[in-house]
Amino acid sequence: QCHWHDGSEHTVGGLQLPMVAHCVHTKDGADGMYGVLGIFYTEGDTDNAFIASIEAHLPSKPHEHRRLDDAWSGTVDFDSIYAGLSLSEYWAYDGSFTTPPCTEAVDWRVLQNYAVMTQSQLDKFQEKMGWMSEGGNFRPP
């Protein structure tokens, strides 16, 4: 399961990035243990291909749905979420989920390089997520 935060929950050199994806995995054979891959997004001039593949299916109303459009039955190539990023350069630590119940059984891997998305893609995500008036949906870093 992957979800996005409007505003990163980690900082790099004191800088909070505009968006982050958290891809949550369960550990095989280890009940109650999880791994999370964090992918930072920064703004640039190039559309992000993964974001482009799902953005037309984002929920139509903020806060109403937390999943891609329920009427969509397409496939998602989750390998493309990290296309062009080095999977061997990451920060690692033992921590917790960033949302309740904040389970403390999570191995974090946060990629050190950033995915790029356009301002237009970021604006669309922020609008569909619906947390703009609250300043984002991140736990303060």
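The model is a predicted one: local features need pLDDT of at least 70, side-chain atom pairs count only at pLDDT 80 or more, and totals for chains, interfaces and linings use all residues. Residues are numbered from 1 along each chain as its sequence is written, and side-chain values use heavy atoms, with hydrogens and water left out.

The protein contains two helices and eight strands. These elements are DSSP runs numbered from the N terminus, helices being H or I runs of at least four residues and strands being E runs of at least two. Read from the N terminus, their order is β-β-β-β-β-α-β-β-β-α.

Strand β7 (residues 106–111) has two partners, where pairing requires that DSSP find at least two bridges between the strands. With strand β5 (residues 34–43) it runs parallel, joined by five bridges; with strand β6 (residues 90–95) it runs antiparallel, joined by six bridges. R109 in β7 stands opposite L37 and also opposite A92. Strand β7 is mostly covered, since five of its six residues are buried. Here buried means under 20% relative accessible area, exposed over 50%, and partly exposed in between (1.4 Å probe, protein chains only). Across the protein, buried residues make up 38% of the 141 residues.

Nonpolar side chains in soluble globular proteins tend to be buried together. A nonpolar core is a set of buried Ala, Val, Leu, Ile, Met, Phe, Trp, Tyr and Cys residues joined through side-chain atoms within 4.5 Å. The largest such core has 20 residues, of which W4, M19, I39, Y41, I51, I81 and F125 touch the most other members. At least two residues of this core come from each of β1, β4, β5, α1 (49–54), β8 (115–117) and α2 (119–129). Neighbours within four places in sequence aside, F125 is in contact (heavy atoms within 4.5 Å) with W4, M19, I51, I54 and L58. Another core lies apart from it and has nine residues, among them L17, V24, F97 and V110.

The structure also holds one disulfide, a pair of cysteine sulfur atoms within 2.5 Å. The bond joins C2 to C23, with an S to S distance of 2.3 Å. The pair links distant parts of the chain, 21 residues apart: C2 lies in strand β1 (residues 2–6) and C23 in strand β4 (residues 19–26). C23 is buried, with a relative accessible area of 4%.
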